[in-house]
Amino acid sequence: RYFLVGSNPAETKYRVLKIDRTEPKDLVIIDDKHVYTQQEVRELLGRLDLGNRTKIGQKGSSGLSRAVSAFGVVGFVRFLEGYYIVLITKRRKMADIGGHAIYKIEDTNMIYIPNDSVRVTHPDEARYLRIFQNVDLSSNFYFSYSYDLSHSLQYNLTVLRMPLETLKTETTQSRQESFDIFEDEGLSTQGGSGVFGICSKPYEKYVWNGKLLEAVKNTVHRDWLLYIIHGFCGQSKLLIYGRPIYVTLIARRSSKFAGTRFLKRGANCEGDVANEVETEQILYDASVMSFSAGSYSSYVQVRGSVPLYWSQDISTMMPKPPITLDQADPFAHVAALHFDQMLQRFGSPIIILNLVKEREKRKHERILSEELVAAVTYLNQFLPPEHAIIYIPWDMAKYTKSKLCNVLDRLNVIAESVVKKTGFFVNRPDSYCSILRPDEKWNELGGCVVSTGRLQTGVLRTNCVDCLDRTNTAQFMVGKCALAYQLYSLGLIDKPNLQFDTDAVRLFEELYEDHGDTLSLQYGGSQLVHRVKTYRKIAPWTQHSKDIMQTLSRYYSNAFSDADRQDSINLFLGVFKPTEGKPHLWELPTDFYLHHKNTLTLSQTRRSYTYWWTTGVLKHLPLPFDEVTCAENRRKLTVKKFQKYEEEIDIHNEFFRPYELSSFDETFCLAMTNSTRDFMPKNVGIDPSPFTVRKPDETGKSVLG
């Protein structure tokens, strides 16, 4: 057998899983659900060790040996033989949100569970293993033990605030209703100063190892389940006269209809689109750690392919294959499903910023625009006008080529109007200085003002054809505009405006470029071709030769390596399950039938063409349905009552680790990748503010190199 021993960070509490190795095909896992102390675990392992020795008193062929040490279980997977277990063996801390560490997976290990004596070999097993391992888990997969990365900060903090009163009234009734939101772990609602700890269900769409954990989800304690997201995570430190402000960028890539550039386009029949990424920028004052006492602010935006059935045929070997619409969709069925998902998660208004070319010699990109306009117009007929989907077409390529106007100035106007409509999230009421020195832009701000602060309602959804270069620049401009509001709301600047070429914006721009490059590599196979600098028209000449290289690299990647990457993503996400007697993954001519469920079975229930949203969603708009206190949402929560200083909810010990010998130089806050110090000019003596405009040559990092 294998024994999996897990512990808390302080190594005072343990859980043990027993994995049976005598079953050639099935996964047999026994979880005794018991929490051991360190002493008990040592005794248990000692007993196992003694009981499994071959001869009594013989030390050499000991019964128990340590196979591997790991930081978490990614999941269990099976191809044609037995199960493998995938473990995280190396991790690196990438960011910190309110004392919750976010780690990037640096290395993983796959271990075959069944013993050699019972192994039934299969000739194609090795090939499947190779395809599975082609998904490089050490590139941009992130996890956190205590923070739910699949949800936005706004959701996580709203759930924490779900009024205690509703919880208290529930406990008395729920005993009869057989639906109990509390875990029976010695819970007494009377007496004792208790703290509620809340654990929410992750948002399936952004979890990448959901299928790998499916085999054990219902048998093991939820502490074993570690959910992983894929995308990007970066954190930089903005020093405002010594006051540390952390700027964090988290991008979550959707695991539904995931894949590479020309192979995944448009949407599938369930309304999930290709290259869908949710980008969240979180800003907080790092001098106060906890969520309850600190000041936190976040802004979310989305990118994703145009939600229609469309594709490009890559067999022609042209750099820009013609765009074809595959199915007529007069009632905008797919778009309806897609926007319904968005209304549930983000509320209204949903704003579409479409950067596709409008004027072309031969009709190429314009096909998409025309269809999208038709779909949005159709869907808007049935929504109440105040919650209608807002559509902004803006041909970015045309404005870039024209000599007269500056692209980014025009984008800035759009960005301002977008942020004004959606507002942003901040977890504290407006500071007094905004009453003293009122700002007219601030008072017109949308969103939803509540007693505890502001909520973002609605979201911006940006798209071009690839959702890479143009989209990233547009998202950067909207992010920059939102960043100004976020800084203003925390009382750090006196007007909600930020200038280019200030240290703060240079720092933010670098964060966004990293984010763009990473997402572009995942979907398009190369880094960004056009950057913010290209659109500001200050890019040096060397940049253009780089751009040509990136274009070639993209072309090569699309022609040769994308099909393999698509296969391995399909296998990793469980879209394709290898079975005896069915065709193998590499024998399939296309993966169309795997991603479009309705090609194989017709669903019985047809959705209404006019009432295209889920019931209950409209009732709460502009607030998103997912964040409303109602019975359905409460089922997604597990609530536990703790003593005040129990280590499961104790941020201080988790973050400062008093039980370890640590040195200041190694703490994360000091080893952070970027800080404004790197961008400040060397002779900064006069003006260290990160909001002063510098000359292009005044910088710690050379802008050109």
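User: Where does P349 sit?
Analyst: P349 lies in the loop between α6 (333–346) and β16. Keep in mind that this is a predicted model.

User: Is A332 buried or exposed?
Analyst: A332 is buried, because its relative accessible area is 4% and the cut-off for buried is under 20%.

User: And K33, what is its phi?
Analyst: Phi of K33 is near 60 degrees, a positive value. K33 belongs to the loop between β3 (29–31) and β4 (36–37). K33 is partly exposed, with a relative accessible area of 45%.

User: Let's zoom out. How many helices and strands does the chain have?
Analyst: The protein chain has 21 helices and 23 strands. Buried residues make up 51% of its 705 residues.

User: What box do the C-alpha atoms fill?
Analyst: Roughly 90 × 60 × 60 Å, taken along the principal axes.

User: What does the radius of gyration agree with?
Analyst: The radius of gyration is 27 Å, which agrees with a compact globule. With 705 residues, such a globule would have a value near 27 Å.

User: New topic. How many salt bridges are there?
Analyst: The count comes to 28 salt bridges. One of them joins D272 and K205, with the closest N and O atoms 3.9 Å apart. D272 lies in the loop between β11 (243–253) and β12 (277–285), and K205 in the loop between β9 (194–200) and α5 (210–213), so the pair ties together parts 67 residues apart in sequence.

User: Are D272 and K205 buried or exposed?
Analyst: D272 counts as buried at 4% relative accessibility. K205 counts as buried at 7%.

User: What about D591 and K264, how do their side chains meet?
Analyst: They meet in a salt bridge, 3.2 Å from N to O. D591 is in the loop between α15 (541–572) and α16 (592–595), while K264 is in the loop between β11 and β12, so the pair ties together parts 327 residues apart in sequence. Both D591 and K264 are buried.

User: Which side chain does R265 meet in a salt bridge?
Analyst: R265 pairs with D466, at 2.8 Å from N to O. The pair links distant parts of the chain. R265 is in the loop between β11 and β12, and D466 is in the loop between β21 (459–463) and α12 (469–489), 201 residues apart. R265 counts as buried at 4% relative accessibility, and D466 at 14%.

User: Which residues are linked in a network of salt bridges?
Analyst: R252, E278, E280 and R345.

User: Now the surface. Which residues form the positive patch?
Analyst: K320, K361, R362 and K401 form it. R362 sits in the loop between β16 (350–354) and α7 (366–380). R362 is exposed, with a relative accessible area of 51%.

User: And which residues make the nonpolar patch?
Analyst: Y432, I435 and L436 make it, and it covers about 380 Å². Y432 is in the loop between β18 (425–426) and α10 (433–436). Y432 is exposed, at 58% relative accessible area.

Methods. Residues are numbered from 1 along each chain as its sequence is written. This is a predicted model: local features need pLDDT of at least 70, side-chain atom pairs count only at pLDDT 80 or more; totals for chains, interfaces and linings use all residues. Side-chain values use heavy atoms; hydrogens and water are left out. Patches are made of residues with over 30% relative accessible area and no salt bridge: like charges are joined within 9 Å, nonpolar side chains (Val, Leu, Ile, Met, Phe, Trp, Tyr) within 5 Å. Accessible areas come from the Shrake-Rupley method with a 1.4 Å probe; for residues, only the protein chains shown count as cover. A salt bridge is a side-chain nitrogen of Lys or Arg within 4 Å of a carboxyl oxygen of Asp or Glu. Lys and Arg count as positive and Asp and Glu as negative; His and the chain ends are not counted. The place of a charge is taken as NZ of Lys, CZ of Arg, CG of Asp or CD of Glu. Helices (H or I, at least four residues) and strands (E, at least two) are DSSP runs, numbered from the N terminus. Buried means under 20% relative accessible area, exposed over 50%, partly exposed in between (1.4 Å probe, protein chains only). The radius of gyration is taken over C-alpha atoms; the globule rule is 2.2 Å times the number of residues to the power 0.38.
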